[in-house]
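Here are my notes for you, going from the whole chain down to a single residue. Keep the structure open while you read.

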Amino acid sequence: MTDHATPPAPAATAGSMATALAAHAAKRQALVNGAATRTAQLATTMAKLFAAGRGPDAIAEFFAVQAAVQRRLFDQQRDFAAGLQALAAQWRQLPSANSLTNLMAQESNLAAQYGLLLSAQATSLLEVAEGVTVGYGYWAERHYAEVQATAAPPAP
Amino acid sequence: MPLTPNRKVVQLGGYTVQRGQSSVSGLSSGAFMTVQLHLAHSASFVGAGVVAGGPYRCAEAFRGSAALPSEAYMLNSLYICMAPMTPQMAPQAKQSVALARQAAAAGQIDPIENLLDDRLYIFTGSKDTVVYSPVVANTRHFYEALGVPPAQIQYVDDVPAGHSMITDNPEDSPLGANQPPYLNNGGFMLSHRILRHIYPDLRPPAGLPTGEMVCFDQTEFFGNLPRASMSPFGYAYVPRAVLEGAPARVHIALHGCSQGYNFTSLLDGRAQTASQPPYGNRYFMTTGYADIADSNDLIVLFPQVQGLETGALMNPDGCWDWWGYSSEDQNAPDYFGKSAIQIQAIHAMLTRLGG
């Protein structure tokens, strides 16, 4: 008898499933913690930049980021609306289905496409949020390093 | 007779190749890899073509983006090296210069001085929303800061193109599109402009290619290790005259993400194995490299990378490694030097050809 023909014991399956679920939950928590840490570090670095008199630069960059976020959200909304319009056009064509099988296939396809559209929208929003914290963190760290380099006493 | 790949899989062979006269170009992840390969083995190359690619090791720009280096480099690649929120948040050329000099001093890459007489073609479409133009502009600044004279760099940013290798094929996407297969019809072959800049002495294409598109076994070049994420087969176009013994030069053309011959896209998160899209071979068959190679005795090598997503390897989109996924040690990713598994493999192919 080959290995793949031997069904795993139910207890073993439940055990490995529990392990996988725990690992999944731990990873999700680690990623959420990572995002929180990144945000906290950004706040600290920004406070240091303000304290070092680089507030105007930080505020100017803040407005540039806001403008970029608005552009990306606008693009996302445009793509989402175009996706909905395409689905509506397909919905209107459902009466042309010529069998029950065909009708059900088209309905399932529409439902799946709608789900994909929603998940793509959610992912895009998360991308913008991650992009802001990573990009802003990079910008702030670089500028704070410049402040430190300027403030460092000259080598003897 | 139109160009078709040779259906017989062979071992990559050697030809009469002028050593040190090779070049490399690529799109997107292939462009990021082009910069890495160019820096790592600059003694082998006389030039490079970068289409929508960022500066050397830009994925290492911000160590503070995550606790683990591999996760930080992944986030940086997405949000600093590809789609920074503002131009100020794009990877800085001086950081890449420092990392390049450090790698050269450590012997991880060839001496920087080899680059000074090289010719570079750097392209960014003004409608690219995948790798933003300020990133690519910093690739130009990176090479200039290393000492490459501006006269040797052709920088193009005024074509209203999306993220793509531009062709004159009517079947390809509209010029401004940012969508797979990332081949857009702009009414000209970008590959020809790249090669004409790198090798100013090139003759125009003389008609349909008469050489052979060789399909070879790639696995011997990376020990068939899964972490390389490379496909079983690679391709090389060998002009007729070179097959008959004429001296040749070698150009390496690196495809972008999802453009490898065996790339399989995901549908609802699962590999779409029931209807594998056949656009994989379009990069090496239809982007014009073979046409101009034929009339100039250029061998064009097309290494191939594949998408893999396992517990240990995260490359679902079939991209070349420019942020460290193929490294053995995820705490100290090595993807940028001569010992990086993909760079080793590609350079071994070049050496086998005779370059």
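1. Of the 355 residues in chain B, 61% count as buried (buried is under 20% relative accessible area, exposed is over 50%, and partly exposed is in between, with a 1.4 Å probe and protein chains only). Bear in mind that this is a predicted model, where local features need pLDDT of at least 70, side-chain atom pairs count only at pLDDT 80 or more, and totals for chains, interfaces and linings use all residues. Residues are numbered from 1 along each chain as its sequence is written, chains are lettered from A in the order in which they are written, and side-chain values use heavy atoms, with hydrogens and water left out.

2. Chain B has 9 helices and 16 strands (DSSP runs numbered from the N terminus: helices are H or I with at least four residues, strands are E with at least two). Its radius of gyration is 19 Å, close to the 20 Å that the globule rule gives for 355 residues, so chain B is as compact as a globular protein of that length. The radius is taken over C-alpha atoms, and the rule is 2.2 Å times the number of residues to the power 0.38. Along the principal axes, the C-alpha trace of chain B spans about 55 × 50 × 40 Å.

3. Now for contacts, meaning heavy atoms within 4.5 Å. In chain B, 71% of the contacts with a separation of 6 or more are between residues 24 or more positions apart.

4. Have a look at helix α2 of chain B, residues 69-79: 8 of its 11 residues are buried, so the helix is largely enclosed by the rest of the structure. Among the buried ones are B:Tyr73, B:Leu75, B:Asn76 and B:Tyr79.

5. What does B:Arg63 touch? Leaving out residues up to four places away in sequence, B:Arg63 touches B:Leu68, B:Pro69, B:Ala72 and B:Asn76. You'll find B:Arg63 in the loop between β3 (45-51) and α2 of chain B, and at 36% relative accessibility it counts as partly exposed. B:Arg63 and B:Asn76 are 13 residues apart along the chain, with their C-alpha atoms separated by 8.5 Å.

6. Finally, the partner chain. The contact takes 22 residues from chain B and 26 residues from chain A. B:Tyr79, B:Met85 and B:Met89 supply 39% of the area that chain B buries against chain A, more than any other three residues (buried area is the accessible area, with a 1.4 Å probe, that two parts lose on being put together, summed over both).
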